[in-house]
Amino acid sequence: MISVLLADDDGLVRSGLRALLDAEPGIRVVAEAATGEEAVLAARGYRPDVVLMDVRMPRRDGVWATAQITGWPHPRPRVLVLTTFDVDKVVEDALAAGADGFLLKRATPEQLIDGIRVVAAGDALVAPAVTRRLLATLARRRAPERELLALADELTDREAEVLRALADGRSNTEIAAALNVSVETVRTHVKRILSKLGVRDRTQAVVWAYRAGFVDMTAPGP
């Protein structure tokens, strides 16, 4: 059973999410919060598996709350941020705060439920539909951090290929099919990439790829 904390200042949104998730086998909403402070307190008290975090809340927002929760020692609740495409800076801040993933609020119920399961399982999630467009937009707002790019020298050709696929928003299953390898082999490559780049998860690896200028932001997507 995956326990979920809903953090959103809109009561109607919380009610809709609760109805959706409580109807899903294997998922149970254990608490709700309307502010960043309430989210942190509820996460500490209920220790849910996943916090579904809105970024815009009164007083302390979801970015602040995300940073507090992801700073706890493991095992800690995983944070899945819900956002909209047009708030680029907020998404950048949420990823920097250590969010385990993000989805758009216009995601389908199936995508949301799948996202919760993915994050609860310990994987990071970046919405495939927006990964490249969003992170490329963020990267264009700053010069590439070329000193980071030196770390890419440690990657094998296959690891570099996998990292580019991650930056395109592809799942492990999609990468495995494209490279004609097993999903477990892809997971192994991802783990090595994270270690060599010194990042926590695949979400941070994607951010690294764009910030370092590792991917060509002018090239078409997959």
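**Starting with one residue**

Mentor: Let's begin with Thr35, which is buried, with a relative accessible area of 4%. One thing to keep in mind throughout is that this is a predicted model.

Trainee: Okay! Where is Thr35 found?

Mentor: Thr35 sits in the loop between β2 (27-33) and α2 (36-46).

Trainee: And why does Thr35 count as buried?

Mentor: Its relative accessible area is 4%, and buried means under 20%, so Thr35 falls in that class.

Trainee: Which residues does Thr35 touch, not counting those up to four places away in sequence?

Mentor: With those set aside, Thr35 touches Met57, Pro58, Arg59 and Arg60.

Trainee: Can we zoom out for a second? How many helices and strands does the protein chain have?

Mentor: There are 11 helices and 6 strands in the protein chain. The chain has 222 residues, and 50% of them count as buried.

Trainee: What about contacts between residues at least 6 apart in sequence: what share join residues at least 24 apart?

Mentor: In the protein chain, 69% of those contacts do.

Trainee: Back to details, then. Where is the place of Arg18?

Mentor: Arg18 belongs to helix α1 (residues 11-22). Arg18 is partly exposed, with a relative accessible area of 27%.

Trainee: Which residues is Arg18 in contact with, leaving aside neighbours within four places in sequence?

Mentor: Those are Leu6, Val29, Ala31 and Glu32. With Glu32 there is also a polar contact, side chain to side chain, at 2.7 Å.

Trainee: And how many residues apart in sequence are Arg18 and Leu5?

Mentor: Arg18 and Leu5 are 13 residues apart in sequence, and their C-alpha atoms are 9.5 Å apart in space.

Trainee: Which residues make the contact?

Mentor: From α8, they are Leu163, Leu166 and Ala167. From α11, they are Arg202, Ala205, Val206, Trp208, Ala209 and Tyr210. The residues of this contact of α8 with α11 divide into 8 nonpolar, no polar and 1 charged.

Trainee: I spotted Trp208 in that list. How many aromatic pairs does the count come to?

Mentor: The count comes to 1 aromatic pair. Trp208 and Phe214 form it, and the pair is tilted, with 5.9 Å centre to centre and 50 degrees between the planes.

Trainee: Are Trp208 and Phe214 buried or exposed?

Mentor: Trp208 is buried, and Phe214 is buried too.

Trainee: What about phi of Asn180?

Mentor: Phi of Asn180 is positive as well, near 60 degrees. Asn180 is in the loop between α9 (172-179) and α10 (183-197), and at 71% relative accessibility Asn180 counts as exposed.

Trainee: And which residues does a cis peptide bond join?

Mentor: A cis peptide bond joins His74 and Pro75, with omega about 0 degrees. You'll find Pro75 in the loop between α3 (62-70) and β4 (78-83).

Terms used
Residues are numbered from 1 along each chain as its sequence is written. This is a predicted model: local features need pLDDT of at least 70, side-chain atom pairs count only at pLDDT 80 or more; totals for chains, interfaces and linings use all residues. Side-chain values use heavy atoms; hydrogens and water are left out. Rings of Phe, Tyr and Trp (its six-membered ring) pair if their centres lie within 6.5 Å; planes under 30 degrees apart count as stacked, over 60 as edge-to-face and the rest as tilted. Buried means under 20% relative accessible area, exposed over 50%, partly exposed in between (1.4 Å probe, protein chains only). Helices (H or I, at least four residues) and strands (E, at least two) are DSSP runs, numbered from the N terminus. Contact means heavy atoms within 4.5 Å. Ala, Val, Leu, Ile, Met, Phe, Trp, Tyr, Cys and Pro count as nonpolar, Asp, Glu, Lys and Arg as charged, and the others, Gly among them, as polar. A polar contact is a pair of N or O atoms within 3.5 Å; within protein, one must be able to donate a hydrogen and the other to accept it, and residues adjacent in sequence count only if both atoms are side-chain atoms.
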